[in-house]
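Here's a walk through one protein chain, from the overall fold down to a single side chain. Have a look at the model first, and then we'll sort out one term before going further.

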Amino acid sequence: MRLLLALFIMMFACGSSFADMKPASSFTERQPKTHNSNAWGLVYAGAITENVHGKVNIHPIAYELNGITIAANLYTPAGYEPSKKYPAITVAHPNGGVKEQVAGLFAQKLAEAGYITIAADAAFQGESGGSPRHTDIPFFRTEDIHGMVDVLSVYPGVDKNRIGLLGICGGAGYTLNAAKSEKRAKAVAVLSMFNSGRVRREGYMSQQVRDVQERLKQASEARAVQVERGEIIPAGTVDFDALTDESIAAITNDLYREGMQYYGRTHRHPNSTFEYTRSSLIELMPFDVSDNIKLINVPLLMMAGSLADSLYMSEDAIEKATGTDDKELFLVQGAHHIETYWKPEFVEQEISKLKEFFGRTL
């Protein structure tokens, strides 16, 4: 029933038929949109500012996935030659994030290490298409990862027998979900994993367990309004312009407090928002990354800050990932969740670990 409902929602949301449900088998060049001095709108430190022959280059592309146009940035390593063969890695961004933020940083860093990498905006988000905007349904977020694998598998120079997956925060959870069945991937790594279904169901740090039925009722009512009147009811909305130091400091958990700083100030991007449609909760709340995670049978690396208040989700997932003996939970000492995205001293540790892991497994 859940699969049928997901397929129904997919057709309803995209205006698609079953005939439209095609993988991303081709791609085209895309004209990037920018809001700042960077030609590609990148907001992370050390971002590429121009494509220079013989160095890491960035290639904005677009492709169709299940009737939705996906916008992505593909990074090629220094000295890239299409006639050669390279390992490749997908990079899935956090919930509310976009490809120009932490996903782009890690995609660029891994390209510097010799990988072809791709960071795509999730369907319904960023520069990607799909309506209603900010729909956040596990089926689509998981398909986003499969779609990136589709593109890499046909991209010139990619060794399709050496494709790995990387996900960050919410994108980490969906990457684990994709890895359960994505057997084209030979290794999977995640950073600061956020189990979206569990958090939407129980609340962050299990603070909303008692009102789950009421919130499900609200989600159902939101869907009814969406169907009957075409009105989209948002959830998780944050007015970044209204943020004050006092309002940020009042947030009691590290993830959301530091997230307001990262997304609202230091790494702000106009396409990045915490908002999602309330009707999405119908599919989000029954979802859980840990369900059937034992289906992952390839090398698995999970990284998380040792001080992150989200660490409990990574600990739960790694314990249940019994389908592989080649697994590790790597703690980034002294880091909170959001700090793993951008602080140089932590990013250096993470990239070093990823290079070691993917170097061994791909």
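A polar contact here is a pair of N or O atoms within 3.5 Å, where, within protein, one atom must be able to donate a hydrogen and the other to accept it. Keep that in mind for later, and remember that this is a predicted model.

Let's start with the whole chain. You can count twelve helices and eleven strands in it. The radius of gyration is 19 Å, close to the 21 Å that the globule rule gives for 362 residues, so the chain is as compact as a globular protein of that length. Along the principal axes, the C-alpha atoms fill a box of roughly 55 × 50 × 45 Å. Buried residues make up 58% of the chain. If you take the contacts with a separation of 6 or more, 73% of them link residues 24 or more positions apart.

The chain has an accessible surface of about 15,000 Å², and carbon and sulfur atoms account for 52% of that. There are 36 positive and 43 negative charges, and their mean positions lie 4 Å apart.

Time to zoom in on Ser-272, which sits in the loop between helix 8 (254–266) and strand 9 (276–277). Is Ser-272 buried or exposed? Its relative accessibility is 4%, and because buried means under 20%, Ser-272 counts as buried. So what does its side chain reach at 2.6 Å? That would be the backbone oxygen of Gly-96. The Ser-272 side chain also makes a polar contact with the side chain of Gln-101, at 3.4 Å. Beyond its neighbours within four places in sequence, Ser-272 is in contact with residues including Val-98, Phe-240 and Tyr-263.

Methods:
Residues are numbered from 1 along each chain as its sequence is written. This is a predicted model: local features need pLDDT of at least 70, side-chain atom pairs count only at pLDDT 80 or more; totals for chains, interfaces and linings use all residues. Side-chain values use heavy atoms; hydrogens and water are left out. Helices (H or I, at least four residues) and strands (E, at least two) are DSSP runs, numbered from the N terminus. The radius of gyration is taken over C-alpha atoms; the globule rule is 2.2 Å times the number of residues to the power 0.38. Buried means under 20% relative accessible area, exposed over 50%, partly exposed in between (1.4 Å probe, protein chains only). Contact means heavy atoms within 4.5 Å. Accessible areas come from the Shrake-Rupley method with a 1.4 Å probe; for residues, only the protein chains shown count as cover. Lys and Arg count as positive and Asp and Glu as negative; His and the chain ends are not counted. The place of a charge is taken as NZ of Lys, CZ of Arg, CG of Asp or CD of Glu.
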